[in-house]
Amino acid sequence: MRGPKLSALLAVGHAFLGIVASFDLPIAARVDGIESDYTAIVYDKTNPVLIGNDGGAASGGFHTFAITDRHLTEIKHNTPGRTKLVAAVYGIQGKDLIVTIAQPDSFFRLYDARTAEQIGKPLARTLGDWSALCVWRSQSSGEQYLYLFGKKQAVQFLIRATHRSIEIIEVQTFKTPVEASSCAVSPSSRAVFFSGDDDSNIYTFAAAESTKVPDISILGVAEDDVTGLTIYVGNKSDYLFVAQSDVITLYDESFNSLGSATLTGDDEIEIAGLNIYQAKTRLYPAGAVTYAIESDSGVGFGLSSLEGILDNFELGINTAYNPRKRPCKSKPSVCSDCSFNGFCGHSVYSSGHAICSCFAGFTGPTCESYDCRDNCAGHGVCIGANACKCDEGWGGLYCGFKVVKPVAETEANGGDGDDPAIWISPLNKTNSKIITTTKSEAGAGLGVFDLTGKRVQTITAEEPNNVDVIYNFPAGDKLIDLAYAACRGDNTLCLFEIHQNGTLASIPGGIQPTKEDFDVYGSCVYRSRSTGKQYLFVNAKTAEYLQFELTWNNTSRALETTFVRNFTGGSGGQVEGCVSDEANGWVIIGEEPRALWRYDAEPGSDVSKGRLIAEVGDGHTYADVEGVTLVEGATASEGFILVSQQGVSAYNVYRRAEPHEYVETFTTADNTKGGVDAVSNTDGIAAVGTSLGPAFPHGLIVVHDDANQLPGSGTSDEASFKLISLGDIFSDDLLAELNPDWDPRS
């Protein structure tokens, strides 16, 4: 049930009234040099603490800072792995807690808020790519809940003390209309608010102790895309702070705009991960608003005084707010009659007989039993609520993924990697090479590696994102191989010649323009079997695809491109990975939040409607749909499409031939003996089914690894790509459909 305040709020929430006042808000304190997304606050009368995530590879985790001085002095830096989300929870087992979830392993970790020392072991592994986290304390029962948002879904957890430990229990998982990038909870309205990237809508649903899927609606629309949300708890009502790049707009409970404040003190400011400390300090008598910040000066964390905001908008100051406050007369929502594994219905207080609403993974009249989703896929034993002990060789979500170990990895190289390609040597297939991209400013360019992962060459390029190989391209009187990438640094099409030893070299005409106001992202190549013409595809995050013909100008002795068409891929969501099937005349594209699609690749074909191959939520497909590759078979109807799924660090296999049946999903595990770590937050993928010698007799798969964890401990600042034997994934029956002698130049 919605509370009366939330109902009133929703009734008028759709009326956006515009900004009525505006003033400048100086950055009062700042710390830079940290890959920042999110902030949280630990309330303390003498030593309040700002918690900030660290999304760096080697430095990943979180930092704590003292906010009682002018310089945000660092207190501690913990490094459990690349981390996006942090939160504070109060009064669990008599302790205040810092809650994080690390991206490499998707485990929650709890830390003592006073010492920042870890409490117990990691717990409640929740596989996925998570993007927002907020906390709610029920003022009816006093119980505390976490709302974790990810790829168009949210998970509600109960966090509580047991006799000897602290546990995090899944209450329910439900769908959301967008991938949330920020969230906040209003105690007085009992409402959860969230927003997504590149979205001006603010969504809401009732915070409730219930297993019923909440009713999500749009509260209102901000003037610009929302980058952060937080709540100020007022004396009589709560106020919603909404960040939009460098502006913070304030709204009352009826979503009336009270005014806005523009951050000053630097240029090109964008803030996210808002939070509020609304108690007194010597420097900030009315409290402070905290944020992750990116600007001309760099990235990190900052804060600004609340005094100016509250004074300018004539809001009552409430420095008496106490997040530890519990209800005076609490009404238990979780009781022994439901085995403490579900919510107790109201009848328990009148007749003594509970009506139980069981938490996820619990079942029975009194929630006394447990079960597991999909019965652990038939590859494991259910040992707890949605907790599977998987058979050897199986893992991932509820034992549904085949597990393989990478046999090697590329040497650490560059900064932020993305996509690989495999170049097959025309002289000796064992001398084939792997080409990888570094899309960050640090180390931007392409890397070349042999089949043991040893770096052979690096070459500078303008932040290439995806890379593909073109074989036997006619350049005047000779045939050459080319590497093609979409370069984000200057929004161009980048091409390099590949020598017969697999190294790269610049080539005349190797930098080609796209079009005005087009931001390149993903790319792939296609050669028409009917005309022999070579084409380049490039896309933008807006889902617009451009197709160019690539030719050689014999007069200027240089590459040239000619624009031939554009179209929208998928349903309009963000796209990136793509691959062509030249034998069938298709281009297969990944729409990250939604699906895998197929289109005709010939320029004159109809692209008004694509063929849907797989869709997130179909039981096998998970967001983000990232890299796409094709393993060629002996004929045009044989072979397999491989797709990487970033949110679960796994890969789906589909048949090349219509209707593109799903075959299997695989993921990776640490190869402890070989000193190769498992893949996390995966992105690009490349594969070939041809024999590449004794190391890869059945073919090779190369996949991107986001957190390149070192054999001893820690994580490298530089990326790596993992090498997997195709024979470790495909059964003998599937391998029989491939051509071990496949030659891309034939």
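Predicted model: local features only at pLDDT ≥ 70, side-chain atom pairs only at ≥ 80, totals over all residues.
1. Residues are numbered from 1 along each chain as its sequence is written, and side-chain values use heavy atoms, with hydrogens and water left out.

2. Let us begin with the cysteines. A disulfide is a covalent bond between the sulfur atoms of two cysteines. A search of the whole structure finds 9 disulfides, where a pair of cysteine sulfur atoms within 2.5 Å counts as one. Three of them, Cys338 to Cys356, Cys358 to Cys367 and Cys376 to Cys388, are described below.

3. Cys338 and Cys356 are joined with an S to S distance of 2.0 Å. The torsion about their S-S bond is about -95 degrees, so this disulfide is left-handed. The pair links distant parts of the chain, 18 residues apart: Cys338 lies in the loop between helix H2 (307–312) and strand S26 (342–344), and Cys356 in strand S27 (residues 356–358). Helices (H or I, at least four residues) and strands (E, at least two) are DSSP runs, numbered from the N terminus. Cys338 is buried at a relative accessible area of 0%, and Cys356 is buried at 19%. For these terms, buried means under 20% relative accessible area, exposed over 50%, and partly exposed in between, with a 1.4 Å probe and protein chains only.

4. Next come Cys358 and Cys367, whose sulfur atoms are 2.1 Å apart. Their link is left-handed, with -95 degrees about the S-S bond.

5. The disulfide of Cys376 and Cys388 has an S to S distance of 2.1 Å, and it is left-handed with -90 degrees about the S-S bond. This pair also links distant parts of the chain, 12 residues apart, with Cys376 in the loop between strand S29 (369–370) and strand S30 (380–384) and Cys388 in strand S31 (residues 387–390). Cys376 is buried at 1% relative accessible area, while Cys388 is partly exposed at 21%. Another cysteine, Cys328, counts as exposed, with 81% relative accessibility.

6. Now for a sheet. Four strands form an open sheet in the order S11-S12-S13-S14, with antiparallel pairing; two strands pair if DSSP finds at least two bridges between them. Strand S11 (132–137) and strand S14 (166–175) are the edges, each pairing on one side only. Strand S13 (residues 153–161) runs antiparallel to S14 and is joined to S14 by 9 bridges. Within that pairing, Val155 has Thr173 in S14 as its bridge partner.

7. Last, a look inside. The second largest cavity is lined by Thr410, Glu411, Asn413, Thr436, Thr437, Thr438, Phe449, Ala719, Ser720 and Phe721. Strand S36 (433–438) and strand S57 (720–725) are the elements that give two or more residues to this lining. Which of the elements gives the largest share? That is S36, with 3 residues. A cavity here is a set of points on a 1 Å grid over the protein atoms alone where a 1.4 Å probe fits but cannot get out, and lining residues have an atom within 4 Å of a point.

Notes
1 Å grid on protein atoms, 1.4 Å probe; cavity = no way out; pocket = protein on both sides within 12 Å on 5 of 7 lines; lining within 4 Å.
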